[in-house]
Amino acid sequence: MQKEAGGELYSSTPHSLRIVVDAVAGPHQEDYRTRHSYNPNLKSTDNARLEMYARGRHAIGLWHTHPERSPRPSGQDKKTTEEYLRAFGNDRDRYLSIIIGNRGDLLEIAVWSAEKNGDWLSWNEFHGQVQDQIP
Ligand SMILES: [Zn+2]
């Protein structure tokens, strides 16, 4: 039986305009995982975070899987992500929620973020050249 999984996303430049996710953690062996739910083990999550911090990596979001083709954050997902964002106080403007849909043959990756002003953004894949604006 396939079980849902998840963990945290890390970056060495959490305050940059262009966030690069350069490390991920999870799932951990002690997590509670079923076909339709995923509950991280808090102690394992804390340990991973300390380990990442010692390597200059800062938590910037969460990832988890959904058994659906076009994943959207559930009410509980939104609540959890907003709680993480709040826990950072003024140190984060947003917290990412990356959801990997594992229903179809191809994995579908959806990137969402909880914004400090209370909004939720959906991030789209960008095809093409990044161009700086000329004034
Ligand atoms: Zn979810």
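**Figure 1. Packing of helix α2 against the sheet.** The buried residues of α2 pack against β5, β6 and β7 (108-115). Contact here requires C-beta atoms, placed from the backbone, within 7 Å. A residue is buried if 20 or more other C-beta atoms lie within 10 Å of its own, exposed if 12 or fewer, and partly exposed in between, with C-beta atoms placed from the backbone. Helices (H or I, at least four residues) and strands (E, at least two) are DSSP runs numbered from the N terminus. The model is predicted: local features need pLDDT of at least 70 and side-chain atom pairs count only at pLDDT 80 or more, while totals for chains, interfaces and linings use all residues. Residues are numbered from 1 along each chain as its sequence is written.

Figure 2. Thr 80, Thr 81 and Leu 85 are the buried residues of α2. They lie on the same side of α2, because they cover an arc of only 140 degrees around the axis; the arc is that of the directions from the helix axis to the C-beta atoms. On the face turned away from this buried side are the exposed residues Gly 75, Gln 76, Lys 79, Glu 83, Arg 86 and Ala 87. Leu 85 touches Arg 92, Arg 94, Tyr 95, Ala 114 and Lys 116, not counting residues up to four places away in sequence.

**Figure 3. Helix lengths and the glycines that follow.** Helix α2 (residues 75-87) has 13 residues and reaches 18 Å from its first C-alpha to its last, close to the expected 18 Å. The expected span is 1.5 Å times one less than the number of residues. Helix α1 (residues 42-54) also has 13 residues, and its end C-alpha atoms are 18 Å apart, in agreement with the 18 Å it should span. Gly 89 follows α2 and has a positive phi near 60 degrees.

**Figure 4. The open sheet of six strands.** The strand order is β2-β1-β5-β6-β7-β8, with mixed pairing. β2 (23-24) and β8 (120-123) stand at the edges with a single partner strand each, so one side of each has no neighbour in the sheet. Two strands pair if DSSP finds at least two bridges between them. β1 and β5 run antiparallel and are joined by six bridges; β5 and β6 run parallel, also joined by six bridges. Trp 63 in β5 stands opposite Gly 7, and the bridge partner of Trp 63 in β6 is Ile 98. Six of the eight residues of β6 are buried, so β6 is largely enclosed by the rest of the structure.

**Figure 5. The largest nonpolar core.** This core has 12 residues, among them Leu 9, Trp 63, Leu 85, Ile 98 and Ala 114. A nonpolar core is a set of buried Ala, Val, Leu, Ile, Met, Phe, Trp, Tyr and Cys residues joined through C-beta atoms within 7 Å. β1 (6-11), β5 (58-66) and β6 (94-101) each supply at least two residues of the core.

**Figure 6. Surroundings of Ile 60.** Ile 60 lies in strand β5 and is buried, with 25 other C-beta atoms within 10 Å. Leaving aside neighbours within four places in sequence, contacts of Ile 60 include Leu 9, Tyr 10, Pro 14, Val 21 and Leu 96. Thr 13 is 47 residues from Ile 60 in sequence and 9.4 Å away in space, C-alpha to C-alpha.

Key
Contact = placed C-beta atoms within 7 Å.
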